[in-house]
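I opened this notebook to keep track of what I looked up in one protein chain, entry by entry. The sequence and structure come next, and my notes follow them.

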Amino acid sequence: MRAIWKREFRACFYTVTGWLFLAATLAFYFLYFYVYNLSYGYPSISYAMNAIAFLFLITVPVLTMRILAEERHSKTDQLILTAPVSVGKIVLGKYLALAAVFTIAVLAIGLSLVLLGSFGTISYAENAAALLGFWLYGLVSIAVGTFVSSLTESQVIAAVLAFVCLFLGYMMEGITQVISSSGNLLTRILNCYNLTLGMENMLNGELDITAVIYYISMIFLFLFLTTQSIQKRRWSVSVKKPGLGVFHAGFAAAAAGAVIACNLAADALPDSITKIDLTSAKLYSVTDDTKRMLADLSTDKEKKVELYVLANEATQDEQLASTLRHYAELSPNITVTYADPAVSPNFYEKYTQDPVSVNSVIVVCNERSKVINYDSIYETEVDYQTYTSQTTGYDGEGQLTSAIQYVTNDDMRTVYEITGHGETSLSGSYQEAVQKMNLNLQSINLIETDSLPDDCAAVVIQGPQTDFSKDDAQKIMDYLADGGKVFLTLSYTEKPLANVQGILEAYQLELKRGMVVETNAGNYYQNPLYLLPDISYDTVTAGVSDEYVLVPRAQGIAYPDEEEDSTLSYTELLRTSDQSYLKTDVMNMMSFEKEDGDLDGPFTAGISAVDASSGAQLIVYTSMEMFTEDADYIVSGNNAALFAASISSLAGEEGESSLIVIPVKKYSKERLALPQGTVMITGFTTILAIPLLLLASGIFIWMKRRKA
């Protein structure tokens with residue numbers, strides 16, 4: 001077999017075929033690599049590989065058309081067929097030679113990861129999964145081409161038939177959709193030849209073990225069929241009258257049956273075993289918070305949760321279906337049932353009178369229910385340049401976890417937003433975070449009430465612009481003295497807010513009025529006033545401790561050392577660098593240069609103060625602007641995640657898991673910033689220079705051998 005492998009591998013490069021295959025594959029790949037990765041800065045090579053998958057329909061037939069058809073045409077196959085070498089080794093040697101040529105191209109593509117990683121942070125695991133899927137799809141395509149080449153002595157016919165077979169495998173999903181959009185027995189059978197499905201899963205960053213098994217089994221099947229095709233002719237060469245059973249349809253049926261059984265067994269395994277989520281956003285798995293919530297649910301036998309999906313199971317949104325399977329696997333108390341709207345169009349009316357779209361989910365436990373409309377599963381944004389809607393995030397886990405918490409908990413608490421002093425109301429992702437915790441969010445003006453309501457789980461004071469009256473401030477302090485929870489953000493105002501500062505002073509917190517200027521380039525974003533502070537690890541900051549949060553135009557907070565006899569304890573959440581300082585004369589600030597009277601850093605920008613005697617907790621952030629949509633967008637939702645964790649810490653009870661918030665999982669990744677000169681030089685080298693050099697080498701070797 002080794003001799004056959006060497007012979008075929010050398011043959012690929014003694015002619016133009018191998019060089020042409022490498023040149024075409026790399027030229028097209030690096031063209032898309034230039035567009036997506038170098039120009040647009042996408043940190044994943046899956047975009048480029050997905051774009052060139054169609055190329056196999058052309059390049060693979062050219063590569064494989066001669067591997068067996070030429071031998072048969074030139075009658076040299078007689079020597080191989082009568083040689084003391086098993087047919088299986090002949091086929092495997094030839095196949096591995098072609099696979100080696102393709103693997104060289106894949107390794108060259110893999111080197112582009114090293115190049116991309118030199119320009120910024122990329123997920124090597126996610127890209128490796130994509131590269132594996134691309135490689136396996138190519139190997140299956142070569143196996144198909146090898147089989148077709150064994151059926152004919154015409155290279156042209158072999159190339160055309162290989163193209164047709166690969167085209168069917170490439171387009172099978174679209175073909176089955178045309179046959180039946182809801183799926184039937186025929187489409188299920190045809191989808192067994194969907195060659196791209198597994199690759200697509202891995203291009204998305206999911207290591208799909210079932211896809212790996214599928215590709216390996218399909219390679220085995222086509223090589224086995226190739227072996228049987230040759231075996232029939234070999235017997236014909238050896239004897240005049242072949243015996244029964246040397247080549248029989250039963251062999252092919254048995255091989256196909258074994259492949260089907262292998263894949264059915266793999267499909268029967270739970271997703272937790274066969275699906276390994278390698279995406280940085282964990283798009284295809286569930287978080288540890290959800291796992292803990294489901295573990296708690298499993299201990300209560302009375303809480304059985306039904307997830308009714310308003311869809312035909314065969315046409316259900318696959319990503320949502322995968323998430324639902326995870327939930328069912330993680331808790332025996334959860335059951336997923338599909339209610340096809342075509343069969344039961346009025347099923348949803350048992351739980352709501354509002355219209356519900358297809359693919360929506362109704363979560364039911366005992367007498368409580370909640371509808372998750374399909375529109376809320378995906379986050380979309382409008383591109384105002386093209387006026388098109390783009391899907392930017394997936395919120396299936398967030399919505400499901402929130403709904404399960406809602407139907408399994410009878411206690412609904414209320415968070416009150418203080419108004420009447422120019423406060424900024426929570427909006428967008430911040431309101432959504434409160435809703436996901438199943439907390440009622442209501443506004444309250446302190447002048448209209450003698451005290452905060454008894455159902456108050458927490459108070460939010462978002463950047464007051466005018467001072468509280470003494471009476472309003474006293475109501476907040478009375479609420480805290482009774483074990484209350486307060487979330488307070490501050491913003492710089494021209495006049496001091498003496499009564500607001502009085503609330504801080506009750507907890508021995510001192511506000512350093514002014515604006516913090518950061519001089520350490522690693523601790524600010526574009527502007528020295530837009531801080532990227534160091535994040536201390538705590539239950540509140542655990543979800544963002546390895547990320548960035550943006551704190552625009554912050555003031556400073558000072559707090560005392562904890563004393564043994566004091567009931568107050570402090571946890572610093574956000575802290576500026578030692579190179580920061582505080583501009584005290586903000587109204588006359590003309591530059592970021594340090595001036596007389598400015599205070600040296602570092603400064604605390606976020607702190608949690610707890611009074612052990614009353615159980616009260618006060619969380620303070622010195623920038624109101626950090627909890628706005630604009631700031632949150634810059635750091636990909638980290639500010640909203642910090643807000644949600646802060647509210648959960650305040651409104652939740654110790655040890656409970658009913659205030660979990662799973663943020664939207666973003667599809668987009670932080671783009672890389674590449675110098676334009678580097679982009680142009682790299683693009684020219686990879687798209688033109690390297691492929692042309694490969695092609696020229698092939699032509700030179702071919703012409704030299706032709707003259708010899």
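Asn438 sits in the loop between helix H18 (428-436) and strand E10 (440-445); helices (H or I, at least four residues) and strands (E, at least two) are DSSP runs, numbered from the N terminus. Its phi is positive, about 60 degrees, although Asn438 is not a glycine.

I then turned to Asn366, which also has a positive phi, about 55 degrees, without being a glycine. Is Asn366 buried or exposed? Asn366 counts as exposed, because its relative accessibility is 56%, and I found it in the loop between strand E5 (361-365) and strand E6 (368-372).

**Two prolines**

Pro43 lies in the loop between helix H2 (16-39) and helix H3 (46-52), and with a relative accessible area of 8% it is buried. Which residues does Pro43 touch, leaving aside those up to four places away in sequence? I listed Leu116, Thr121, Ile122, Asn127, Lys669, Glu670 and Leu672, where contact means heavy atoms within 4.5 Å.

For Pro602, I noted that a cis peptide bond joins it to Gly601, with omega about 5 degrees, and that Pro602 belongs to the loop between strand E22 (599-600) and strand E23 (604-611).

**A pocket and a cavity**

I wrote down the terms before using them: on a 1 Å grid over the protein atoms alone, a cavity is a set of points where a 1.4 Å probe fits but cannot get out, a pocket is an open set with protein on both sides within 12 Å along at least five of seven lines, and lining residues have an atom within 4 Å of a point. Grid points are joined across faces, edges and corners, and a volume is the space filled by probe spheres set on the points.

The second largest pocket has a volume of about 280 Å³. Its lining has 16 residues, and Pro453, Cys456, Tyr479, Asp482 and Gly484 are the closest to the centre. Helix H19 (470-481), strand E11 (456-462) and helix H22 (638-651) each give two or more residues to this lining, and H19 has the largest share, three residues.

**The whole chain, and a caution**

The protein chain has 23 helices and 25 strands, and of its 708 residues 49% count as buried. The average pLDDT is 87, and 94% of the residues score at least 70; pLDDT is the predictor's confidence in each residue, from 0 to 100. Over residues 237-247 pLDDT stays under 50. Where pLDDT is low, the predicted coordinates should not be read in detail.

Key
Residues numbered from 1 in each chain as written. Predicted model: local features only at pLDDT ≥ 70, side-chain atom pairs only at ≥ 80, totals over all residues. Heavy atoms only, no water. Buried < 20%, exposed > 50% of the residue type's maximum accessible area, 1.4 Å probe, protein only.
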